[in-house]
Amino acid sequence: MANFYINPNNVVHELPKNNQPKFFMFGVPSYTNLGDQAISLAERKYIEAEFPDYQYIEIVEEDDDAAIPVVKQYITKQDIVAFTGGGNMGNLYLNHERARRKVFSTFTDNLTISFPQSIHFEDNEAGLYEQKLSQEAYQKNPNLVLVARDAQSYHRMQTTFNNKVIFTPDMVLYMKSVNWKFNRNGALFVLRHDSEKVVKKSTIDNIKDILGNERPVKRVDTVLDEPQKITPVTREALFDSELELFSHQEIIITDRWHAMVFSVLTGTPCLLFGNSYGKGKHAYIDWLEHINWVSYTDEEDTERIKQQINAVMEAKTHAYDLIPDFKQLHDLIAHNR
């Protein structure tokens with residue numbers, strides 16, 4: 001199935017003219033966070049593999065506003081509207097939340113799916129104000145279904161909105177694992193630079209001491225400096241390159257949820273630290289706690305951290321299958337026909 005994405009200035013050439021049901025995915029990122037890019041890639045692969053009768057059409061985030069009237073012109077009752085998943089439902093990333101409100105409150109006659117998200121509205125005046133705006137927008141769509149990617153978000157969505165809520169893993173966990181059998185050498189620190197960062201510098205310095213000087217240490221982030229923009233055409237090669245980087249490592253130390261997911265996919269030992277509102281911790285407990293070579297910690301005690309690092313580095317990889325955990329999402333889409 002060919003992959004189309006809408007450019008409103010050239011939409012006549014971009015949109016397929018056929019009777020196939022369409023699956024319109026709004027909010028596809030062009031920014032350089034490889035975790036969110038991996039989500040969009042996984043979403044496309046999921047629909048292509050599980051529902052090949054749908055024509056999958058992506059709308060890159062900066063085209064959301066201009067694409068809405070175009071989609072309204074083309075859409076039929078059999079089509080599905082969706083908004084990409086991630087960790088940005090709430091008031092921390094308002095550009096995404098405002099776009100979501102507009103899409104959800106526009107396509108009220110079609111099945112509308114908010115793909116797996118974590119949610120966080122701050123418990124202050126600004127957070128409560130934005131939450132109210134989202135409640136009003138989501139309420140306008142009786143066909144809107146919210147998908148939570150962790151139990152904490154599932155309960156928060158249920159208590160915040162009147163829409164139906166279902167529960168699945170993060171979409172990147174749908175992706176196939178790789179086993180490239182590279183020689184592993186070194187430790188990779190994949191650490192945030194944003195407002196969600198809570199892990200202390202002293203803790204990171206202690207971990208470097210634990211790992212010693214005998215192996216190379218590199219620090220990166222899953223947000224790339226180059227290129228400045230990623231498109232649906234270029235993202236898969238960048239995703240594969242990131243998996244290759246992880247596959248060369250002996251250990252990953254991170255506070256990025258998707259760095260742990262990439263570690264799962266590549267069989268790379270990984271220790272995950274928390275972020276400001278617990279999205280990585282809760283998703284780990286819900287979906288990955290049974291996977292031996294990854295672990296989560298809130299520890300600051302050096303000796304206990306050392307024990308966890310040793311445990312994941314000594315763990316053997318094993319088979320796992322999270323595909324059945326996407327059943328609620330699968331049933332939702334299947335029952336639309």
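Lys-281 is partly exposed, with a relative accessible area of 31%. Here, buried means under 20% relative accessible area, exposed means over 50%, and partly exposed lies in between (1.4 Å probe, protein chains only). This is a predicted model: local features need pLDDT of at least 70, side-chain atom pairs count only at pLDDT 80 or more, and totals for chains, interfaces and linings use all residues. Residues are numbered from 1 along each chain as its sequence is written, and side-chain values use heavy atoms, with hydrogens and water left out.

Which residue meets Lys-281 in a salt bridge? It is Asp-298, at 3.3 Å from N to O. A salt bridge is a side-chain nitrogen of Lys or Arg within 4 Å of a carboxyl oxygen of Asp or Glu. The pair links distant parts of the chain, 17 residues apart. Lys-281 sits in helix H10 (residues 279–288). Asp-298 sits in the loop between strand E13 (294–296) and helix H11 (302–314). Asp-298 is exposed, with a relative accessible area of 51%.

## Gly-274 and its contacts

Asp-298 also touches Gly-274. Gly-274 lies in the loop between strand E12 (270–272) and H10. At 9% relative accessibility, Gly-274 counts as buried.

Val-198 is 76 residues from Gly-274 along the chain, yet their C-alpha atoms are separated by 7.0 Å.

## Two further salt bridges

Glu-236 forms a salt bridge with Arg-44, and the closest N and O atoms are 3.6 Å apart. This pair links distant parts of the chain: Glu-236 is in helix H8 (residues 235–247), Arg-44 is in helix H2 (residues 34–50), and they are 192 residues apart. Glu-236 counts as partly exposed, at 28% relative accessibility. Arg-44 counts as buried, at 11%. Both belong to a network of salt bridges that also links Lys-45 and Glu-48.

Arg-149 and Asp-170 meet through their side chains in a salt bridge of 2.6 Å, N to O. They too link distant parts of the chain, 21 residues apart. Arg-149 is in the loop between strand E7 (144–148) and helix H6 (151–160). Asp-170 is in the loop between strand E8 (164–167) and strand E9 (187–190). Are these two residues buried or exposed? Arg-149 is buried, and so is Asp-170.

## The whole chain

How many helices and strands does the chain have? There are twelve helices and 13 strands. Helices (H or I, at least four residues) and strands (E, at least two) are DSSP runs, numbered from the N terminus. The radius of gyration is 20 Å, close to the 20 Å that the globule rule gives for 337 residues, so the chain is as compact as a globular protein of that length. That radius is taken over C-alpha atoms, and the rule is 2.2 Å times the number of residues to the power 0.38. The C-alpha trace spans about 60 × 45 × 35 Å along its principal axes.

Buried residues make up 55% of the 337 residues. Among contacts between residues at least 6 apart in sequence, 78% join residues at least 24 apart. A search of the whole structure finds 18 salt bridges.

Note on methods. Contact = heavy atoms within 4.5 Å. Lists of a residue's contacts leave out its neighbours within four places in sequence.
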